[in-house]
Amino acid sequence: MKTMTCRQLGGPCGTAHQGATADEVIKAQDRHLRDVVAMGDADHAQALDEMKGRWKHPIKGMGWYRKAKADFMALPEDGVVSGGC
Ligand SMILES: [Zn+2]
């Protein structure tokens with residue numbers, strides 16, 4: 001598992017998404033954007049628009065997607081989670 005934050009994926013906050021693949025964290029980010037915008041968060045509205053645009057224009061969105069995947073590949077695997085209860 002690796003962790004990418006909302007900010008690393010082009011969003012405005014530090015919410016962390018965990019996944020085994022880049023696709024998983026990208027989907028988690030998509031869901032996160034929809035959730036917070038549905039709750040009225042304006043900061044995420046632009047990021048959500050950009051995300052929607054990528055699905056509508058896969059060719060144009062490919063650059064971002066490739067970069068997100070490369071960033072994900074470059075991350076270290078999550079180690080033993082420190083802290084907790
Ligand atoms: Zn966020």
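Tutor: Helices (H or I, at least four residues) are DSSP runs, as are strands (E, at least two), numbered from the N terminus. An axis is a line fitted to C-alpha atoms, for helices over the stretch in contact, and angles run from 0 to 180 degrees between N-to-C directions. This is a predicted model, where local features need pLDDT of at least 70 and side-chain atom pairs pLDDT 80 or more, while totals for chains, interfaces and linings use all residues. Residues are numbered from 1 along each chain as its sequence is written, and side-chain values use heavy atoms, leaving out hydrogens and water.

Student: OK, at what angle do α2 and α3 pack?

Tutor: Two packed helices are described by the angle between their axes and the distance between the axes. Here, α2 (residues 45-56) and α3 (residues 58-74) pack at about 120 degrees, axes 6 Å apart. That makes the two oblique to each other; under 35 degrees would be roughly parallel, over 145 roughly antiparallel, 65 to 115 roughly perpendicular, and the rest is oblique.

Student: Which residues of α2 and α3 meet?

Tutor: On the α2 side M51, R54, W55 and K56, and on the α3 side P58, G61 and W64, with contact meaning heavy atoms within 4.5 Å. The residues of this contact divide into 4 nonpolar, 1 polar and 2 charged (Ala, Val, Leu, Ile, Met, Phe, Trp, Tyr, Cys and Pro are nonpolar; Asp, Glu, Lys and Arg charged; the others, Gly among them, polar).

Student: And how do α1 and α2 pack?

Tutor: Helix α1 (residues 22-38) packs on α2 at about 135 degrees, axes 9 Å apart. So α1 is oblique to α2. I26, Q29, D30, L33, R34 and V37 of α1 meet A45, A47, L48, M51, K52 and W55 of α2. By class, that contact has 8 nonpolar, 1 polar and 3 charged residues.

Student: What about α1 and α3, how do their axes cross?

Tutor: At roughly 120 degrees, coming within 9 Å. A22, D23, V25 and I26 of α1 make the contact with W64, Y65, A68, K69 and F72 of α3. There are 7 nonpolar, no polar and 2 charged residues in the contact of α1 with α3.

Student: Which charges lie over the faces of F72 and W64?

Tutor: The test asks for NZ of Lys or CZ of Arg within 6 Å of the ring centre and within 35 degrees of the ring normal. K2 lies over the face of F72, at 5.2 Å from the ring centre, and R54 lies over that of W64, at 3.8 Å.
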